[in-house]
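Hi everyone, thanks for coming. Let me put the structure up on the screen, and then we can walk through a few of its features together.

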Amino acid sequence: MSPDTLDLRRLQQFLAVADSGSFTRAADAVHLSQQALSSSVRQLESDLGTMLFTRDGRRIALTPAGRALVREARPLLAAARTVREHVRSAGQHAWVIGHTPALSGAEAYSVIEPAVEAFPDVSFTLRQMYPAELESGIRDGALQLGLRRGVAPVGDLSGAVVAYHRVRVAVSAGHPLADLGEVDINDLRGHQLALWAPPGSSYHSDFLLGACRRAGFEPDYVVSRVQGAATVAAPLTTGAVALVTADAGPVMAGRVVVIDLNPPLLVPVQALWQRHTISEIRDTLIRAHTQQA
């Protein structure tokens, strides 16, 4: 092997040792003998021209070079898995896109529709996933793209805003606001707000609370005990006001009313993908948003 080429299997084995802190435990995890694993790590050190571990009997510790490799190896191995999944998907003409429950299936489809129209030979599968599952799926290559509400740091992923959706107010049919043709965000003062996740654990929740705070009031809130259902159902399960992106009018068989919020409040949709990957389909989505903006 060329000295400029890294063996991905050795990288995986190195990470197993780094994560477990023991050659013995790592050998069991990767189904190798301890001697074979030790030899693999020493060959990796030889390829890189530096020590990755200090060894004192059975005790090991990462060197500065080893700590640097831990940081670099994880995204590299994730990218390798993604290449495999993307090639397999391309061969099957399939694309898998995850979206958080904050986006309905119809809204997720509206975001990807430019790609659906531009690539008639590709099949698309939409999967609703919670945020942690979404990011994990992107990192391990199971998802080609993830969609979520809000704009937030993306860590070791890449991201871009691909759409904006108008926020409206959903209330139960008997709520004091139900008969209004439209509401100002200040009309929500004194009414409990329904959220789908606690503040600090959801970018979407933080966005909605932030909009109220910018209007000058601290909203009372309750977290819905029914997760994964249509967002317009929240007033039925909480009795609270829900900020949703559904069209105005009666929903849930007339038991919930969606009302326009003026002035308009727009919530962004953020697309996430693995860094250092290339996708003509993804580029089509980004261009479509840029042209509409």
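This is a predicted model: local features need pLDDT of at least 70, side-chain atom pairs count only at pLDDT 80 or more; totals for chains, interfaces and linings use all residues.

Residues are numbered from 1 along each chain as its sequence is written, and side-chain values use heavy atoms, leaving out hydrogens and water. Helices (H or I, at least four residues) and strands (E, at least two) are DSSP runs, numbered from the N terminus.

Let's begin with helix H5. Which residues of H5 are buried? They are Glu107, Ala108, Val111, Ile112 and Ala115. At Ile112 the helix bends by about 55°, and a proline, Pro114, follows within four residues. The bend here is the angle between axes fitted to the seven residues ending at a residue and the seven starting there.

Now to helix H2, residues 23-30. Its buried residues are Phe23, Ala26 and Ala27. They cover an arc of only 105° around the axis, so they sit on the same side of H2; the arc is that of the directions from the helix axis to the C-beta atoms. As a reminder, an α-helix has 3.6 residues a turn, so residues three or four places apart point the same way. On the face of H2 turned away from the buried side, you'll find the exposed residues Arg25, Asp28 and Ala29.

Moving on from H2, His31 lies in the loop between H2 and H3. His31 is exposed, with a relative accessible area of 71%, and its phi is near 60°, a positive value in a residue other than glycine. Met252 is also not a glycine, and has a positive phi of about 55°. Where is Met252? Look in the loop between strand E12 (249-251) and E13. Met252 is partly exposed, at a relative accessible area of 30%.

One last stop: the loop between strand E13 (256-261) and strand E14 (266-274), which holds Pro263. A cis peptide bond joins Asn262 and Pro263, with omega about 0°. For context, most residues other than glycine have a negative phi, and most peptide bonds are trans.

How values were computed: Buried means under 20% relative accessible area, exposed over 50%, partly exposed in between (1.4 Å probe, protein chains only).
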